Amino acid sequence: MDARRENEAAPAKNRTTVERSSDREIVVTRTFDAPVRLVFEAWTKPELFKRWWVPKSTGLSLLSCEMDVRAGGKYRLVFSHPAAPEPMAFYGTYIEVTPHSRLVWTNDEGGDAGQVSTVTFEEKAGKTQVVLHDLYPSKEALDAAIASGSTGDGTDETFDQLDDLVVTLAASAGRS
């Protein structure tokens, strides 16, 4: 019996879907094997957020992560990359924060081309479905984001990293 278990394949990761739902919007969906409270905390606590947000394969390093997660609060993420002469900052304002169910924020570094991001969290049977909507101000802004690789590239890896983190957090919570 033990030999059979050793030969079984490891459970597959949950699938991330990325879909262009309109001329101006990208929708990313993923289910995580953890309760909504833990998944929401991973999006809103800087010490957790910086453990999963940057795809490790990109060579990017998250130098700083400031998050005041409340309506009207600001965030600022500063990244470095070996090929970039200067660090890159991404920043904006939280428009809506509804604990354990919804976050809405602006992406102000893009100026007039910056998108508004909305993420919802819904728990079902101890798992959490996350749906991320990035709404751009125009078709051209979304087309430019897609062409630059800033949408979609690394999403699977980033969400795999989030999955690993929340599964670890859930296991730790179960032991305490």
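A nonpolar core is here a set of buried Ala, Val, Leu, Ile, Met, Phe, Trp, Tyr and Cys residues joined through side-chain atoms within 4.5 Å, where buried means under 20% relative accessible area, exposed over 50% and partly exposed in between (1.4 Å probe, protein chains only). The model is predicted: local features need pLDDT of at least 70 and side-chain atom pairs pLDDT 80 or more, whereas totals for chains, interfaces and linings use all residues. Residues are numbered from 1 along each chain as its sequence is written, and side-chain values use heavy atoms, without hydrogens and water.

**View 1. The largest nonpolar core contains 36 residues.** V39, W43, W52, W105, V119 and F121 touch the most other members. Helix 2 (residues 36–44) gives the most to this core, with six residues; helices (H or I, at least four residues) and strands (E, at least two) are DSSP runs numbered from the N terminus.

**View 2. Strand 6 (residues 102–106) has four of its five residues buried.** Strands pair if DSSP finds at least two bridges between them. V104 is the bridge partner of E96 and stands opposite T118 in strand 7.

**View 3. F40 and F121 form an edge-to-face aromatic pair.** Rings of Phe, Tyr and Trp (its six-membered ring) pair if their centres lie within 6.5 Å; planes under 30 degrees apart count as stacked, over 60 as edge-to-face and the rest as tilted. For F40 and F121, the centres are 5.2 Å apart and the planes at 75 degrees. Because F40 lies in helix 2 and F121 in strand 7, the pair ties together parts 81 residues apart in sequence. Both F40 and F121 are buried.
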